[in-house]
Amino acid sequence: MSSTRPCIGDGAAFSQIASGEKVLRYGIELEANRAEEARLLVNDLIQGNCFDVQCPVESLSLINLNPPYDFELSEQRSQRMERLFLDHVYRWLKPGGVLALAIPGQRLCEASSILSVHFRDIRVYRLTEPESTRYGQVVLFGVRRTRHERERLQDAEITRVRRWYELLVRDSDGIQPLPSVPDHQYAVPTGEPVCLVYRGLPLDQIEDLLVRSSAYRQAAPILFAQEKESAGRPLTPLHGGHVGLLCTAGMLNGVFGEGEARHIANWQSIKTVDRTEEEEDGATVIREKERFSNELTLVFSSGMTAILR
């Protein structure tokens with residue numbers, strides 16, 4: 001069996017999913033440190049952007065995909081990364097091959113145009129680990145249809161399946177949790193070794209060479225100016241707005257207090273998404289609005305930590 005995982009991370013989860021001596025494991029990871037960890041657990045690993053990787057179509061037996069949960073930024077329009085990753089890699093899966101897709105449950109509709117046409121025997125489970133609950137993660141299992149199966153597929157069936165995904169998004173709490181004991185078994189087809197080819201830039205090599213360039217030396221004093229230290233007591237008490245500006249500027253980071261109250265404080269901006277649902281002409285319209293807020297992390301000398309939002 002040949003299997004791959006784009007965005008493999010450190011490889012720990014994928015090594016459990018695709019375990020076994022007769023499994024050929026391939027991975028793709030952009031971040032250098034995680035890529036080095038994952039390299040020890042797979043047969044072949046490419047460090048780089050998944051969209052710059054080429055793989056022979058219909059060559060893999062299993063794909064485990066956990067893409068970034070974000071929007072693509074482009075001049076024309078911005079699409080969800082979950083759909084873009086799925087659209088890029090599903091063709092690598094051979095007919096009868098198995099897809100394991102982990103995404104936020106509310107993003108099932110974005111992927112439904114691909115899933116409803118190219119995959120059958122779909123099962124969706126809700127993930128219950130604390131970190132998974134935070135993002136509303138679900139895992140979807142499916143088998144890629146053959147060309148003959150796709151040609152026989154009726155438009156009414158595609159519409160029915162896409163409607164089913166919409167209902168799942170509306171009632172995500174009603175999705176069955178992933179059971180500890182499997183309630184269904186997928187037969188993964190056999191596979192041969194494949195060759196993944198990276199057509200992108202050698203990011204690590206460019207990063208190492210960049211600091212030696214004359215352009216970098218000229219720009220460094222402007223881009224990486226020395227941080228100025230501010231000290232002293234303000235003439236008047238600070239208002240809430242003043243404190244907020246100091247926090248977001250990173251000027252209230254540091255070590256404070258004495259004795260048991262001594263602690264390290266670090267402020268950072270975090271992105272949150274407000275989600276609303278409205279009824280328009282008999283249809284439910286879901287709107288999302290992104291905003292940024294502040295988060296304070298405190299680490300006390302006793303070892304106690306706190307995160308304030």
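L41 is found in the loop between helix 2 (32-39) and strand 3 (44-47), where helices (H or I, at least four residues) and strands (E, at least two) are DSSP runs numbered from the N terminus. With a relative accessibility of 35%, L41 counts as partly exposed; buried means under 20% relative accessible area, exposed over 50%, and partly exposed in between (1.4 Å probe, protein chains only). Leaving aside neighbours within four places in sequence, L41 is in contact with D10, G11, A12, S15 and R25, contact meaning heavy atoms within 4.5 Å. From L41 to Q137 the separation is 96 residues in sequence and 25 Å in space, C-alpha to C-alpha.

The model is predicted, so local features need pLDDT of at least 70 and side-chain atom pairs count only at pLDDT 80 or more, whereas totals for chains, interfaces and linings use all residues. Residues are numbered from 1 along each chain as its sequence is written, and side-chain values use heavy atoms, with hydrogens and water left out.

The packing of two helices comes next. Helix 3 and helix 4 (residues 108-118) pack at an angle of about 20°, their axes lying 8 Å apart; axes are lines fitted to C-alpha atoms, for helices over the stretch in contact, and angles run from 0 to 180 degrees between N-to-C directions. Helix 3 and helix 4 are therefore roughly parallel to each other (angles under 35 degrees count as roughly parallel, over 145 as roughly antiparallel, 65 to 115 as roughly perpendicular and the rest as oblique). R83, L86 and D87 in helix 3 meet E110, A111, S113, I114 and L115 in helix 4.

Aromatic rings of Phe, Tyr and Trp (its six-membered ring) pair if their centres lie within 6.5 Å; planes under 30 degrees apart count as stacked, over 60 as edge-to-face and the rest as tilted. By this rule the count comes to 6 aromatic pairs. Y69 and Y135 form an edge-to-face pair, 6.0 Å centre to centre with 65° between the planes. Because Y69 lies in the loop between strand 5 (60-65) and helix 3 (81-89) and Y135 in helix 5 (residues 130-135), the pair ties together parts that are 66 residues apart in sequence. Y69 is partly exposed at 24% relative accessibility, and Y135 is partly exposed at 39%.

Y90 and F119 also form an edge-to-face pair, 6.4 Å centre to centre with 65° between the planes. Y90 is buried, at 6% relative accessible area, and F119 is buried at 2%.
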